[in-house]
Amino acid sequence: MKRRAHKERRGRRTRSLLGCSSCLGCWERGPSPHGMVVKAFFPTCCASADSGLLVGRWVPEQSSAVVLAVVHFPFIPIQVKELLAQVHQAGRVGLAVLGTWCHRRQEAEERLGPFLEGLGAIFSHEPWLQLCRERTSGLWSCKATRQQGPTRPGVKDQVMLVFYDQRQVLLSQLHPPAALPDRQAGDATASAEGLAAVFDTVARSEALFRSDCFDEGPVRLSHWQSEGVEASILAELAKRASGPVCLLLACLLSLISAARTCRVFKLRPLSFIWSKLSVCGQLGHRLEQLALVFSTQKAESPAQLMRKANVLVSVLLDVALGLALLSWLHGKDRIGQLAEALVPVADHVAEALQHLLQWLMGAPAGLKMNRALDQVLGRFFLYHLHLWISYVHLLSPFIEHILWHVGLSACLGLTVALSTLSDIIALLTFHIYCFYVYGARLYCLKICGLSSLWRLFRGKKWNVLRQRVDSCSYDLDQLFIGTLLFTVLLFLLPTTALYYLVFTLLRLLVVAVQGLIHLLVDLVNSLPLYSLGLRLCRPYRLAAGVKFRVLEHEAGRPLRLLMQINPLPYGRVVHAYRLPSCGCHPTHSWGSLCRKLFFGELIYPWRQRGDKQD
Amino acid sequence: MEDEQSFSDICGGRLALQRRYYSPSCREFCLSCPRLSLRSLTAVTCTVWLAAYGLFTLCENSMILSAAIFITLLGLLGYLHFVKIDQETLLIIDSLGIQMTSSYASGKESTTFIEMGKVKDVVINEAIYMKVIYYLCILLKDPVEPHGISQVVPVFQSTKPRLDCLIEVYRSCQEILAHQKAASASP
């Protein structure tokens, strides 16, 4: 009891100490008679500038003043107003003179005070800011006065100083957490909500930052360029050279695309091969991307510019990795070693398959198979395997040359090399694909027959018109034959099902290997490397928001905050800027895949969108 | 004005609440968790290394020992950088917004700032887990519906203080929010 009372008394005492210099005491009694809180966003580069006028934008909805620059003495008011009108026209942002800035040595420079107050009459603005900083002690003081207002004339508002780094805010791009659907890009006037208004204002006032206090113009300004004008010779040269280079490359690329769409490639065999090989899809995708990068149109929005940059960096990295792979392949006669190893590997795989078929023709895993059907299927597949092996042996002298020429395609990029590898795997395991198709068709036929004969067994029929199962009265001989066929098919089912299972597993294995390669290709294609590099080296460019830090606070002085940029997390960078990939993602879910496998329908996991179904 | 008080979290551990009143419109609350204890660190390291040594005597492969050291180091670094939160701070600035900062043991800080225009209210919610726990959360306005709530953002999720600590923070936040509402109501 006593302890609680003691704490309360202590709390009240500390509060009363602050009451005289801050508004805590009177504020608790009701609404503040001191007016609203005015937020002044002040650039850190102007904190050391000489005395002058504050120029910027007043945002009445948030009662915040965004200071952009300081105009130094001497100046002619007409010229200042002209400059502000110019910037208004260029950036469509309404700037005004917000107040005065006084950077004085001691309290002794009193003659500046009335002079500054007189300026309030020339450039009238509601509220009129008066910021002051002492050179030696670095202490700040702020005043914001209103002439007409809802409360009393001449009332003082509280000022909160928020420092911001002008260069970082100018260059950064805000990424709001959820894009509003009704927000349009490129509004006629600068209107943005909350702190985005500050970013917007600084971005639109680029015309103001062109001349600074060291120039010989009529008005001398201090802003972020006063710390050293930003320019780079290499960047300027690259900008000049990019025009003709883009034009040349755009012509070249249009020639290649025109050649691609010529009539020869639309003929049946070529277009069929074209659609089946994934390397052609990858090449087409890269061609589109390069056409986008080297198009002579300027990027309309920052997102488009980022996309162009990402595509360029991705292509460059791809080509670099491809060249590295090429140099590794062609050194130390690795192609020869690969070609020599290829035919024995194919032989080994064929032998393994033969053993597998022999095992299936016997009693696999102790299951008893139907001897005749087993032998027929086994012999059929064995003969097919024998044909395949003969073809591979026929091709073996040419393999090294083929591999050498195909390996040259790696200079177009690592993705092209990987796609070629995937196609080579598909071609080499073509026999497994054929076996899978035979097994699947046989199994599908059996399942269809079984299901319809099962319906007959129960006295029902499938009504194609009504798309449903109806009852039906069969004749005796129909029922007899139907039941007989049903039993035959049922007892032959285990054999067919086993062959189907084995070949489906092999096919799924090959598909899994191909899938991994495609995943890698997709990764290289769609990773936004430029954005990730930007996030690593210049984190302020991609902003998720802002963060505030309270600077040293003394009683009686205004509250000072430092506004810093909160960079976007890496996951969101990848999500926001990922490049569209080839589009060869599997369109089935796991459930539909299982259903297709059960009913023996063929699965094509790499079917492109828009292809006709087989 | 700075003030430090000691509270406890829902599991019984000790927490320290530091309150800083910079101005009538700006307040900061800082909750500090107990640091990583040497005892638990030693226990985990000894367990992992004993298990690795046991595997080594079975397999006679020295890679297991180096792998165990590697895993322990990586695990410790990952824990300090991604999991262990030392301090959680709530900074509320009238007419600007509310900022929540979590400082990890490795020095990393992750900050979220919510603008005052989006904040509807700060409330203490009840959650029924294995027991009843209270947590402070910020309600955000729905841009489409004026009286709706679009999101509930919980505060002090890792430190999880008890109700007495939350009431202190809640009272201070409500003072500032009341001022903000009065200012926004009058033109």
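Analyst: Let's start with helix α2 of chain B, which covers residues 63-83. Its 21 residues reach 28 Å from the first C-alpha to the last, close to the 30 Å expected at 1.5 Å a residue; that expected span is 1.5 Å times one less than the number of residues. Helices here are DSSP runs of H or I with at least four residues, strands are runs of E with at least two, and both are numbered from the N terminus.

A word on the ground rules: this is a predicted model, where local features need pLDDT of at least 70 and side-chain atom pairs count only at pLDDT 80 or more, while totals for chains, interfaces and linings use all residues. Residues are numbered from 1 along each chain as its sequence is written, chains are lettered from A and ligands numbered from 1 in the order written, and side-chain values use heavy atoms, leaving out hydrogens and water.

B:Ile64, B:Ala68 and B:Thr72 are buried in α2(B), meaning under 20% relative accessible area, with exposed meaning over 50% and partly exposed in between (1.4 Å probe, protein chains only). Seen down the axis of α2(B), the buried residues fall within an arc of 85 degrees, so they line one face of the helix; the arc is that of the directions from the helix axis to the C-beta atoms. Turned away from that buried side is a face with the exposed residues B:Met63, B:Phe70, B:Leu73, B:Leu77 and B:Phe82. What covers the buried residues includes α1 (38-59) of chain B, where contact means heavy atoms within 4.5 Å.

The UniProt record, an unreviewed entry, gives "transmembrane region" for residues 36-56 and 62-82 of chain B. Such positions are in the numbering used here, feature names are shortened, and annotations may be inferred rather than shown by experiment. In the model, residues 62-82 of chain B are 95% helix and 0% strand, with end C-alpha atoms 30 Å apart. Residues 36-56 of chain B are 90% helix and 0% strand, and their end C-alpha atoms also lie 30 Å apart.

Stepping back, chain B has three helices and nine strands, in the order β-β-β-α-α-β-β-β-β-β-β-α from the N terminus. The radius of gyration of chain B is 22 Å, well over the 16 Å that the globule rule gives for 187 residues, so the chain is more spread out than a compact globule. That radius is taken over C-alpha atoms, and the rule is 2.2 Å times the number of residues to the power 0.38.
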